[in-house]
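Subject: Structure for your review

Hello,

I am handing over the structure below. My notes on what was found follow it.

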Amino acid sequence: MTTAEDLIARSNRLGADPKNTNYAGGNTSAKGTATDPVTGQDVELLWVKGSGGDLGTLKESGLAVLRLDRMRALVDVYPGVEREDEMVAAFDYCLHGKVGAAPSIDTAMHGLVDAKHVDHLHPDSGIAIATAADGENLTKEIFGDQVVWVPWRRPGFQLGLDIAEIKAKTPQAVGCVLGGHGITAWGDTSEEAEKNSLWIIDTAAAYIEEHSKAEPFGPALEGYAALPEEDRRTKAAALAPTIRGIASADQPMVGHFNDSEVVLDFLAHEAHPRLAELGTSCPDHFLRTKVKPLVLDLPADASVEDSITRLKELAVSYREDYQNYYDRHADQNSPAIRGKDPLIVLVPGVGMFSFGRNKQTARVAGEFYVNAINVMRGAEGLSTYAPIDESEKFRIEYWALEEAKLQRMPAPKPLATRVALVTGAASGIGKATAKRLAAEGACVVIADLDLAKAQAAAAEIGNSDVAVGLAADVSDEAAVQAMFDAAVLAFGGVDLVVNNAGLSLSKSLLETTERDWDLQHDVMAKGSFLVSKAAASVLIEQEMGGDIVYISSKNSLFAGPNNVAYGAAKADQAHQVRLLAAELGEHGIKVNGINPDGVVQGSGIFAGGWGAKRAEVYGVKEEELGKFYAQRTLLKREVLPENIANAVFVLCGPDLSHTTGLHVPVDAGVAAAFLR
Ligand SMILES: NC(=O)c1ccc[n+]([C@@H]2O[C@H](COP(=O)([O-])OP(=O)(O)OC[C@H]3O[C@@H](n4cnc5c(N)ncnc54)[C@H](O)[C@@H]3O)[C@@H](O)[C@H]2O)c1
Ligand SMILES: [Zn+2]
């Protein structure tokens with residue numbers, strides 16, 4: 001194995017176990033020789049995990065490769081701690097070739113420490129010691145002289161120099177605890193570094209386990225115990241739109257809900273308000289969670305109405321507090337304030353909502369708060385939790401290097417942060433629509449009658465950070481409510497609802513049974529009424545605007561034979577568009593419709609008998625129906641599910657922000673169905 005391969009294997013092993021480091025946290029390195037292609041001679045190199053990415057899935061492309069002689073020569077030009085940030089740019093002049101990732105801020109620590117292999121990690125157990133008020137004494141007591149305490153210092157060149165000095169002065173040490181932050185361990189071989197890292201992590205965990213007081217979070221709080229699962233999910237769904245609206249006041253966010261034991265236990269005990277107020281400590285943690293969460297200060301059985309009222313009050317004070325925090329620490333060089341809303345909202349008895357600009361970020365923010373809870377439990381169990389100072393948090397949150405990282409992020413896709421729910425999306429037009437909306441950055445909920453089919457369609461689009469499949473019969477009010485509850489728990493809320501579920505029976509008036517009539521009206525007319533009603537209650541509460549799109553039909557206007565029940569149900573849907581556009585406009589909710597025609601490919605409606613009937617009515621073969629429809633059109637083009645999907649995107653995309661109550665024909669031109 002090459003040095004780099006060895007390093008990747010060790011990193012993947014360490015990153016695979018969440019006890020070792022939080023998601024995307026920490027970095028590892030190895031030093032070794034390779035042939036310099038310029039001289040043909042050996043050259044000493046440093047392979048170090050670069051900026052971004054996660055240890056568990058690290059690949060060679062995620063490593064930065066630097067020349068060790070040049071990297072270490074930086075010590076001679078280092079201008080001092082006041083200007084240490086300049087050294088990050090200097091790393092680029094130490095790179096060996098163009099391969100690999102950008103060097104991260106922690107590169108100095110890896111390069112300057114005189115050990116072949118170095119691991120820097122953020123284990124909950126290690127950070128618990130690092131954030132204990134008497135962390136220095138605890139480090140001595142737990143590790144003797146094998147692990148050295150390093151008081152908090154912001155990551156950077158100086159921290160690298162400090163740790164290098166410790167390693168030189170204490171040859172027996174295998175690593176250190178970095179106050180407020182994490183651990184660093186080293187070894188002469190890759191195995192030794194890994195063994196030392198794990199020894200520090202496991203020894204700290206075992207010590208906490210053995211010496212922690214029984215109730216680190218204090219006694220149980222009367223009335224704050226977790227609600228039974230069904231009740232807390234129902235309450236979480238009822239609160240979700242309000243909470244997402246609060247988290248999105250400055251910029252729209254996607255949400256994630258977590259009601260794990262760790263979260264519920266924290267909220268059920270007396271110390272949680274005090275500890276939550278102290279905020280997180282490890283830089284990785286608070287960059288994703290903000291300095292502190294918003295905590296609802298009501299018991300588990302508080303009513304939804306009371307909870308909403310109180311959450312809205314708390315949001316106002318949260319924003320004031322955040323502004324004050326910014327004003328206390330910002331100077332004229334600080335980047336502008338980045339939004340005052342909480343990223344973590346805790347609801348006793350119910351769980352935690354976490355937010356981000358996409359689902360993965362929202363989910364990881366929640367994971368980090370769980371890490372922070374574990375850290376607080378460990379620290380309080382042994383001592384008292386003492387995170388780094390607020391001013392240091394500000395320095396990191398508004399660090400010029402952090403700002404530059406944010407500026408380098410690619411521009412978001414047009415539907416980023418928007419949550420779409422498409423009914424009948426396991427097939428045909430609905431599936432194509434869900435795919436398109438996801439491709440434009442939306443999170444999508446695929447609802448259909450059959451759960452397995454809905455989940456399969458979701459899996460075709462992406463993992464559960466992108467798409468989830470749900471079973472729901474849109475003609476059943478309780479099922480529609482359950483569908484919205486599941487959707488808001490999956491992504492925090494809903495923004496964009498497509499009434500697409502439908503079915504079609506081609507029959508003459510005399511053949512059409514009462515049941516035929518009811519079925520089509522139940523699914524399309526009543527179904528979209530129920531879906532729009534449930535959607536509107538979420539959209540109005542969120543106060544983030546929204547879109548409702550109806551997949552109506554050419555047949556809502558055009559009168560042909562053998563179509564009375566379907567055509568009438570479609571006309572009903574079409575008028576719902578206008579009625580709801582008129583009613584919901586004051587909430588910033590747009591309601592528009594699409595009139596497709598002759599979408600044969602991919603359509604379950606056509607495959608399931610309707611196609612055969614229509615072909616019979618028109619006197620053509622069923623397999624030629626698509627072509628037949630194309631010839632009837634002004635443009636002589638066959639209409640595909642993707643053409644309808646495109647129109648849905650345009651209607652709810654950024655360009656038609658001022659259009660509501662509109663129907664867009666997507667039928668390749670059928671003069672008889674022109675709108676007038
Ligand atoms: N295909 C066309 O030419 C065409 C033309 C105009 C309008 N439309 C409309 O487009 C929509 C989609 O049609 P398609 O051609 O993609 O058909 P499709 O059969 O491929 O898809 C419709 C989906 O709706 C689902 N569905 C049916 N009843 C449901 C219910 N009660 N609850 C939840 N889901 C239900 C079905 O399971 C199916 O997956 C329908 O409303 C249809 O009327 C289609
Ligand atoms: Zn770190």
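A donor here is an N, O or S atom within 2.8 Å of the metal, and because water is not among the atoms, a site may look incomplete. Please keep in mind that this is a predicted model.

Zinc site

With that cut-off, the zinc ion (ligand 2) has His-120, His-122 and His-181 as its protein donors, each through NE2 and lying 2.1 Å from the ion. Along the sequence, the donor residues follow the spacing H-x1-H-x58-H. His-122 sits in the loop between strand S4 (117-121) and helix H5 (124-130), and His-181 in the loop between strand S6 (175-178) and strand S7 (182-187), so this pair ties together parts that are 59 residues apart in sequence. Are these two residues buried or exposed? His-122 has a relative accessible area of 6% and is buried. His-181 is buried as well, at 3% relative accessibility. Both values fall in the buried class because its limit is under 20% relative accessible area.

Backbone points to check

Lys-290 is not a glycine, yet its phi is positive, at about 65 degrees. Its position is the loop between helix H12 (283-289) and strand S9 (294-295). With 9% relative accessibility, Lys-290 counts as buried.

Glu-543 also has a positive phi without being a glycine, in this case about 55 degrees. This residue is found in the loop between helix H20 (514-542) and strand S16 (546-551). Glu-543 is exposed, and its relative accessible area is 63%.

Regards

Notes: Residues are numbered from 1 along each chain as its sequence is written. Chains are lettered from A and ligands numbered from 1 in the order in which they are written. This is a predicted model: local features need pLDDT of at least 70, side-chain atom pairs count only at pLDDT 80 or more; totals for chains, interfaces and linings use all residues. Side-chain values use heavy atoms; hydrogens and water are left out. Donors are N, O and S atoms within 2.8 Å of the metal (3.2 Å for Na, K and Ca); water is not among the atoms, so sites may look incomplete. Helices (H or I, at least four residues) and strands (E, at least two) are DSSP runs, numbered from the N terminus. Buried means under 20% relative accessible area, exposed over 50%, partly exposed in between (1.4 Å probe, protein chains only).
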